[in-house]
Number of protein chains: 2
Amino acid sequence: MLKNNLLLRTLAGEKTERAPVWMMRQAGRYLPDYRKLRDKYSFFDRVQTPALATEITLQPVDQIGVDAAILFSDILVVLQAMGLEVQLIENTGPVLPAPVRTEADARRVFVPNVEASLGYVFEAIRLVKQELNGRVPLIGFAGAPWTLLCYMVDGKGSKTFDLTKSFCYTQPVLAHQLLQMLTDTTIAYLRQQVKAGADVVQLFDSWGGLLGPDDFEIFSLQYMRQIILALKQEVPTILFAKGAWHSLAEMAATGTAGIGVDWCIRPDTARAFAGHQVTLQGNFDPARLLTPIPELKKQVTRMLNDFGPRRHIANLGHGILPNVPVDHAKAFVDAVKSHSYQNDFEKSSL
Amino acid sequence: MLKNNLLLRTLAGEKTERAPVWMMRQAGRYLPDYRKLRDKYSFFDRVQTPALATEITLQPVDQIGVDAAILFSDILVVLQAMGLEVQLIENTGPVLPAPVRTEADARRVFVPNVEASLGYVFEAIRLVKQELNGRVPLIGFAGAPWTLLCYMVDGKGSKTFDLTKSFCYTQPVLAHQLLQMLTDTTIAYLRQQVKAGADVVQLFDSWGGLLGPDDFEIFSLQYMRQIILALKQEVPTILFAKGAWHSLAEMAATGTAGIGVDWCIRPDTARAFAGHQVTLQGNFDPARLLTPIPELKKQVTRMLNDFGPRRHIANLGHGILPNVPVDHAKAFVDAVKSHSYQNDFEKSSL
């Protein structure tokens with residue numbers, strides 16, 4: 001039994017005493033205790049050693065007081081399990097020395113037995129659940145097929161992922177085969193995360209916003225929809241496609257319990273597009289956490305009032321930046337916890 | 001007198017026989033003749049030598065058949081004129097060895113006499129106008145103050161320009177002083193471009209979309225508004241703030257003749273947000289130019305029908321990519337030129 005189940009009640013659409021709060025990348029570089037582990041262990045050592053992943057996952061729960069833990073891991077472990085080499089170069093980002101750009105390249109890719117190849121993830125989830133002992137729920141996650149394809153084809157980070165887009169536009173059959181393999185793998189992967197104890201799962205489409213509305217449906221949303229449909233009976237799901245504001249209605253129609261929104265959309269616009277049957281998560285500008293604390297608190301107050309007291313999970317609009325002072329992160333979380341809604345009567349009539 | 005004044009008539013809201021077409025970065029690396037000059041001269045040699053800038057500006061007019069020329073130049077020449085060193089490293093992007101991050105740094109920045117320090121730009125405009133001899137209009141341009149501040153503070157390209165955002169949030173007085181200096185310089189710069197012969201001017205806010213709606217007003221739009229107000233009686237203006245779909249109505253309210261839109265918004269949504277008193281420019285996905293030509297043509301047809309025959313300038317949603325084959329660029333332009341509108345009656349009743 002969970003002692004703090006605010007997140008689950010909010011995702012279920014219940015009226016709660018306040019909005020739950022967590023931060024994307026909350027287990028990360030802005031925390032001094034994380035940086036100590038980073039100096040001792042390589043990135044994939046931290047990800048693939050369940051005891052280390054557990055320790056990192058718990059840091060923001062213990063130190064910042066968030067209402068949910070999210071497993072410390074990386075979306076690219078799925079590509080490793082599918083047969084690709086992924087290197088993580090500190091402060092530079094991921095590199096795939098042999099990206100997939102031809103049919104011959106694609107022959108190296110397979111749908112893995114996730115239990116065998118990603119066992120360390122499920123082991124970490126079991127350990128985290130034990131350590132949490134019901135304090136807060138645990139969020140599992142995976143990258144969306146489109147975002148994983150971006151890394152698979154471009155082979156590294158990019159502003160525009162033009163290689164991947166060009167790949168999709170010139171070799172659509174192959175692109176769709178790979179997207180389906182990514183989808184099948186992700187469904188099996190998230191199911192095992194739930195079996196191991198994840199209370200909620202979030203799908204991260206970090207690069208969905210690079211596609212126009214039609215291409216977003218063709219190369220991203222149709223695959224995310226399959227994943228949500230496969231999971232939503234088992235667990236509440238959150239869909240976060242950064243920048244894809246144009247498809248909020250279509251994302252809500254998948255039946256996902258929650259949708260993440262970035263900071264480039266007003267809360268009332270997001271609600272108007274997404275409708276009233278879904279919980280919205282977001283959308284504080286991560287760079288705004290660098291603002292002096294009094295102004296930061298004012299802006300949190302405004303965000304909370306704009307979303308209203310129902311069906312809102314307070315979060316950032318993207319991952320927390322490494323240079324955010326810990327007391328600013330804590331001020332964000334505390335401001336949510338101590339907030340009293342204006343217009344409570346009006347907004348709660350949603 | 002212009003022989004082809006389609007662009008000007010479309011910006012004035014007149015019904016025209018077809019949409020005018022040009023491409024952002026049309027004078028650039030996808031053209032073999034441009035690459036020959038790039039191999040012989042440095043970037044700033046090409047920009048600062050009027051004969052070279054003229055030759056490059058004319059290449060897409062002669063070779064691709066666009067309906068407008070846009071001066072070959074760079075938004076960062078304004079920062080050079082304001083006292084900052086800017087290096088352009090081929091295939092990497094701009095670098096400012098001494099970025100502006102403190103009050104002491106800011107003391108190096110001044111509002112220049114643009115006639116003296118940017119004379120080569122106006123000389124290039126006069127030369128281009130002579131060479132064009134009225135074939136098509138010439139577009140002048142400048143970077144928006146916010147986008148220039150991004151380079152001034154971050155000192156190089158960035159996905160998120162967090163340093164600049166943090167600078168604005170922690171030193172707002174200094175940030176606004178610099179933004180006002182950039183605005184004053186830009187107004188003088190564009191006025192001189194018009195005096196030298198530019199028929200239209202476009203303001204590029206490449207990084208406006210990194211700001212949330214409130215911050216976009218505070219740190220970007222209020223300054224662009226000053227520029228549009230100062231120029232719009234003299235020349236038709238086009239405002240392009242990539243990603244800032246949330247403020248299309250506010251941008252239209254500046255009185256600009258045109259607004260550029262990127263490919264991540266449907267034409268009818270852009271029209272609904274911007275209203276009917278402004279010309280929209282865009283919004284083909286630059287990566288979609290890599291699509292095989294038959295599919296490319298279909299997509300152009302769709303875009304044109306979606307925008308309708310009035311108040312639309314066909315263009316890309318961002319700059320053309322260096323790896324686009326010349327025949328694909330030409331197919332894009334030709335598809336616009338040979339298009340017949342569906343629903344002509346319905347749409348033209350706008």
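Just past the end of helix 11 of chain A, A:Gly197 has a positive phi of about 135°. Helices here are DSSP runs of H or I with at least four residues, strands are runs of E with at least two, and both are numbered from the N terminus. Bear in mind that this is a predicted model: local features need pLDDT of at least 70 and side-chain atom pairs pLDDT 80 or more, while totals for chains, interfaces and linings use all residues. Residues count from 1 along each chain as its sequence is written, and chains are lettered from A and ligands numbered from 1 in the order in which they are written.

Now walk back along that helix. Helix 11 of chain A covers residues 172-196, and its 25 residues reach 36 Å from first C-alpha to last, close to the 36 Å expected (1.5 Å times one less than the number of residues). Its buried residues include A:Ala175, A:Leu182, A:Tyr189 and A:Ala196. Buried means 20 or more other C-beta atoms within 10 Å of a residue's own, exposed means 12 or fewer, partly exposed is in between, and C-beta atoms are placed from the backbone. A:Pro172, also in helix 11 of chain A, has 14 C-beta neighbours inside 10 Å, so A:Pro172 counts as partly exposed. Its C-alpha is separated by 9.3 Å from that of A:Phe219, 47 residues apart along the chain.

Next, strand 9 of chain A (residues 312-316). Five of its five residues are buried, so the strand is largely enclosed by the rest of the structure. A:His312, A:Ala314 and A:Leu316 point one way, A:Ile313 and A:Asn315 the other. In a regular strand, side chains alternate between the two faces of the sheet. Strand 9 of chain A runs parallel to strand 8 of chain A (residues 279-284), joined by five bridges; strands pair if DSSP finds at least two bridges between them. One of these bridges links A:Gly282 with A:Ala314.

Finally, the two chains. Chain B can be laid on chain A with an RMSD of 0.0 Å by a turn of 180° and a shift of 0.0 Å along the axis, fitted by least squares on C-alpha atoms of residues with pLDDT of at least 70 in both copies. That's the relation of a two-fold axis. In chain B, B:Lys159 comes closest to the axis, its C-alpha at 3.2 Å. As for the interface, 22 residues of chain B are in contact with 23 residues of chain A (C-beta atoms, placed from the backbone, within 7 Å). Helix 10 of chain B (residues 162-170) gives the largest share of chain B's side, five residues.

Technical notes: Two residues are in contact if their C-beta atoms, placed from the backbone, lie within 7 Å.
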